[in-house]
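Subject: Structure handover

Hello,

Here is the structure I said I would pass on. My notes on it follow below.

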Amino acid sequence: TVLVFRPTDDPVAMQAQIDALYAENGGVSPANNGHWSVRRAALLFHPGVYSSIEVPVGYYTQVLGLGASPSNTSFTYRRGVFAEGGAKDPLVGALNTFWRGAENLQINVSHAWEKHHRGAL
């Protein structure tokens, strides 16, 4: 699945599409939801400011800013673009965040991204 968004798109419709993907390949209920899914997704964002959506990044999901530099595609709402571990198990932590990535974008919010040493960010 490839979804392409523009800052002028309806934020409610964008969020609904993003949430639908995350419901299949992300979240902690059930634990590790989507961990062994065959579904892959790329979310592409044209340059601009996204001030009304947040993008949870599930398993096998790539989020890409399409600008010439990361500062061209900016997220300023709540958590912005973020990844959570598949289970709230402190013994696993960031070891469960690979197979997902975000590149060439700017996140202008206070949020930490748990990152596995082999995953792209």
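**Overall layout**

Along the sequence, the elements of this protein come in the order β-α-β-β-β-β-β-β-β-β. That gives one helix and nine strands; helices (H or I, at least four residues) and strands (E, at least two) are DSSP runs, numbered from the N terminus.

The model is predicted, with pLDDT of at least 70 needed for local features and 80 or more for side-chain atom pairs, while totals for chains, interfaces and linings use all residues. Residues are numbered from 1 along each chain as its sequence is written, and side-chain values use heavy atoms, with hydrogens and water left out.

Of the 121 residues in the protein, 42% are buried. Buried means under 20% relative accessible area, exposed means over 50%, and partly exposed is in between (1.4 Å probe, protein chains only). Among the contacts in the protein with a separation of 6 or more, 65% are between residues 24 or more positions apart; contact means heavy atoms within 4.5 Å.

**Strands**

Strand E1 covers residues 2-5. Leu-3 and Phe-5 are on its covered face, and Val-2 and Val-4 are on its uncovered face. In general, side chains in a regular strand alternate between the two faces of the sheet.

E1 pairs with strand E2 (residues 41-45) in the parallel sense, over four bridges. Two strands pair if DSSP finds at least two bridges between them. In this pairing, Phe-5 stands opposite Phe-45 in E2. Between the two strands the chain passes through helix H1 (residues 11-25), and this β-α-β crossover is right-handed. Right-handed here means that, with the strands pointing away from the viewer, the path from the first strand over the helix to the second runs clockwise.

There is also an open sheet of three strands, in the order E3-E6-E9, with parallel pairing. E3 (48-50) and E9 (106-107) are at the edges with a single partner strand each, so one side of each has no neighbour in the sheet. Strand E6 (residues 73-75) is joined to E9 by two bridges in the parallel sense. Ser-74 stands opposite Gln-106 in E9.

Which backbone oxygen does the side chain of Arg-100 reach? The answer is that of Val-57, at 2.8 Å. This is a polar contact (a pair of N or O atoms within 3.5 Å; within protein, one must be able to donate a hydrogen and the other to accept it, and residues adjacent in sequence count only if both atoms are side-chain atoms). Arg-100 is in strand E8 (residues 100-103) and is buried, at 5% relative accessible area.

Asn-25 belongs to helix H1 and is buried as well, with a relative accessible area of 3%. Its side chain makes a polar contact with the side chain of Ser-37 (3.1 Å), and also reaches the backbone oxygen of Arg-39 at 2.9 Å. Leaving aside neighbours within four places in sequence, the residues in contact with Asn-25 include Asn-33, Gly-34, Gly-58, Tyr-59 and Tyr-60.

**Aromatic rings**

The structure holds eight aromatic pairs. Rings of Phe, Tyr and Trp (its six-membered ring) pair if their centres lie within 6.5 Å; planes under 30 degrees apart count as stacked, over 60 as edge-to-face and the rest as tilted.

The rings of Phe-45 and Phe-75 have centres 5.0 Å apart and planes at 85 degrees, so this pair is edge-to-face. Phe-45 is in strand E2 and Phe-75 in strand E6, 30 residues apart, and the pair links distant parts of the chain. Both residues, Phe-45 and Phe-75, are buried. For Tyr-59 and Tyr-60, the centres are 6.2 Å apart and the planes are at 45 degrees, so the pair is tilted. Tyr-59 and Tyr-60 are both buried. One aromatic cluster is formed by Phe-5, Phe-45, Tyr-50 and Phe-75.

The charged end of Arg-40 sits over the ring of Tyr-60, 3.8 Å from its centre. The term applies if NZ of Lys or CZ of Arg is within 6 Å of the ring centre and within 35 degrees of the ring normal. Likewise, the charged end of Arg-79 sits over the ring of Phe-82, 3.9 Å from its centre.

Regards
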